Amino acid sequence: MTEKTEKTAAGRCRSAPSLSPDIDAGWAWVIAGAALAASAISSAVYYTFSMYFPLLLNEFQATRSTTAWVGSLNNGVYMLAGPIATIFIKRIGCRWTVMLGGILSMIGFALSSIAPSLIMLFFTHGGITAFGLCLNYTSWIVAISDSFVKKHAIAFSLSQSGVGLGVFVFGPLFNFLIDLYGWRGAFLITGACTFQLTCLGALIFPPRKPAKNENVDFESFPLNANDKQGEKEEKRYSDLIEPQVIVDDYIDGTQQLKWKDYSAWLLHLSSFFWLLATSIPYILLADYTRSLDLEEYYIVMLSTMGVGDLVGRLVIGPLVTFWNLDVTKIYAVSQVFCAILIASFPLVVNGIQMIIQGFLFSVSYGLQCLLLALVPRSLFGTLNLSRVFGITMFFGGLGILIGPPIAGLIVDSTPGRSYWLAFVFATVIQFLAAASTIGCYVLRRTKR
């Protein structure tokens with residue numbers, strides 16, 4: 001090991017700072033700006049489905065549990081396809097993966113706008129659209145990680161702030177489109193918006209090679225289909241990396257897991273519980289406000305939730321960077337806070353309280369969404385980010401997939417179709433998420 005080699009926060013060894021002009025500077029910030037716009041568009045789809053939920057109930061006259069599958073499939077596939085997205089990234093690179101995702105999401109929305117039944121919506125909106133958005137989301141995570149090292153937390157926080165911005169802007173816009181054209185027309189126009197992801201993806205380029213070959217930082221070379229030099233540099237320094245890989249490299253499209261690292265599985269389990277719990281309020285909020293005769297406050301609450309999400313994502317990055325905070329500890333605390341907020345939803349009695357409740361919930365949710373990507377990088381390193389994060393997304397997708405239908409079934413089975421039991425269920429699950437994160441943190445500290 002050379003004298004210029006240093007330890008990273010994840011316990012791995014790396015070389016001296018990269019000489020590439022596009023790491024933490026230059027074109028890296030263009031990619032961060034494009035990621036912000038992309039997250040605004042994709043989040044508008046992801047977080048505004050609840051406004052379509054009552055319309056689909058009325059259109060197809062199905063139960064809440066059955067209708068909720070449209071949103072849960074969309075959200076679930078969005079996360080479940082994470083490992084598949086990482087295969088695309090390694091085969092064709094982030095740039096082409098994002099562009100393909102934009103095309104697929106547009107096709108999915110166009111087909112959904114003419115869907116004659118819920119079954120077709122399960123396939124089009126829950127499958128095609130969600131898979132396209134998953135390709136987009138995972139690729140931007142990896143692209144930001146490839147382009148930033150020292151300023152990664154700030155750049156990622158900036159790019160993910162587009163989520164709150166998207167909810168704040170597109171929530172009222174989609175409501176206007178629904179009033180003007182109906183849910184089918186709104187779906188068609190939304191498809192045109194998601195096609196812009198293809199244009200944004202075209203802005204992704206790998207960092208330029210440094211002028212000299214000495215002291216090359218292999219982390220500055222993104223591992224994709226067009227970057228053979230990055231693979232050489234990674235092999236060159238492979239003897240300096242501790243064996244902390246949780247998920248082996250994808251070989252011929254297959255994936256092998258190392259079961260001995262229980263901390264990684266606790267992190268995956270935390271993602272499963274967290275997204276199962278939080279998907280319930282996001283999918284059912286519109287119907288819940290209608291049941292309380294507070295429907296006129298819903299759009300205001302949705303926009304306020306966008307602001308809260310924006311605050312949560314935008315603030316945490318600089319705090320982590322400048323105060324050197326432990327992201328895993330913050331992640332666990334935010335999960336506990338979120339559980340308390342979910343438990344408070346049944347206590348809402350008026351519209352103002354509902355708006356405040358939604359704002360606080362979205363702040364905690366935004367924090368968790370941002371930290372979900374920072375925690376794997378902190379614990380397992382940059383080289384393993386796409387692989388560990390892909391599996392974490394997969395487990396989160398399982399939670400989203402079953403959460404809303406279970407909650408819908410609970411509401412339909414409760415006398416008077418009350419939502420209180422569904423929120424109690426979500427609260428318990430959210431506390432389990434926090435417990436899993438704490439367990440992961442303790443195990444990682446024990447290993448070190």
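Asp287 is buried, with a relative accessible area of 5%, where buried denotes under 20% relative accessible area, exposed over 50%, and partly exposed the range in between, computed with a 1.4 Å probe on protein chains only. The model is a predicted one, in which local features need pLDDT of at least 70 and side-chain atom pairs count only at pLDDT 80 or more, while totals for chains, interfaces and linings use all residues. Residues are numbered from 1 along each chain as its sequence is written, and side-chain values use heavy atoms, with hydrogens and water left out.

Asp287 forms a salt bridge with Arg64, in which the closest N and O atoms are 2.6 Å apart; a salt bridge is here a side-chain nitrogen of Lys or Arg within 4 Å of a carboxyl oxygen of Asp or Glu. Because Asp287 lies in helix H9 and Arg64 in helix H3, the pair ties together parts that are 223 residues apart in sequence. Helices are DSSP runs of H or I with at least four residues, and they are numbered, like strands (E, at least two residues), from the N terminus. Arg64 is itself buried, with a relative accessible area of 16%. The side chain of Arg64 also meets that of Asp412 in a salt bridge, at 3.7 Å from N to O, and this pair links distant parts of the chain, Asp412 being in helix H13 (residues 385-413) and Arg64 in helix H3, 348 residues apart. Asp412, at 26% relative accessibility, counts as partly exposed.

The structure holds three salt bridges, and one of them joins Glu59 to Arg184, with the closest N and O atoms 3.4 Å apart. Since Glu59 lies in helix H2 (residues 53-60) and Arg184 in helix H6, the pair ties together parts that are 125 residues apart in sequence. Glu59 counts as partly exposed at 40% relative accessibility, and Arg184 likewise counts as partly exposed, at 26%. Helix H2 also contains Leu57, which is buried, with a relative accessible area of 14%. The C-alpha atoms of Leu57 and Asp287 are separated by 9.8 Å, although the two residues are 230 residues apart along the chain.

Helix H3, which holds Arg64, has 14 of its 17 residues buried, so it is largely enclosed by the rest of the structure. At 1.5 Å a residue, the 17 residues of H3 should span 24 Å, and the 23 Å between its end C-alpha atoms agrees with this value; the expected span is 1.5 Å times one less than the number of residues. In helix H4 (residues 82-112), by contrast, the end C-alpha atoms span only 23 Å, whereas a straight helix of 31 residues would span 45 Å at 1.5 Å a residue. A bend of about 115 degrees is found in H4 at Gly93.

Two loop residues other than glycine have positive phi values. Gln61, in the loop between H2 and H3, has phi near 55 degrees and is exposed, with a relative accessible area of 61%. Asp293, in the loop between H9 and helix H10 (298-323), has phi near 60 degrees and is exposed, with a relative accessible area of 63%.

A search of the whole structure finds six cavities of 30 Å³ or more. A cavity is a set of points, on a 1 Å grid over the protein atoms alone, where a 1.4 Å probe fits but cannot get out, and its lining residues have an atom within 4 Å of a point; grid points are joined across faces, edges and corners, and the volume is the space filled by probe spheres set on the points. The second largest cavity has a volume of about 170 Å³ and is lined by 16 residues, of which Tyr47, Tyr78, Tyr137, Arg313 and Cys369 lie nearest its centre. The elements that give two or more residues to this lining are helices H1 (27-47), H3 (64-80), H6 (152-194), H9 (262-291) and H12 (351-380), and H1 gives the most, with five residues. By class, the lining has 11 nonpolar, four polar and one charged residues, with Ala, Val, Leu, Ile, Met, Phe, Trp, Tyr, Cys and Pro counted as nonpolar, Asp, Glu, Lys and Arg as charged, and the others, Gly among them, as polar.

Conventions. The bend at a residue is the angle between axes fitted to the seven residues ending there and the seven starting there. On a 1 Å grid over the protein atoms alone, a cavity is a set of points where a 1.4 Å probe fits but cannot get out, and a pocket is an open set with protein on both sides within 12 Å along at least five of seven lines; lining residues have an atom within 4 Å of a point.
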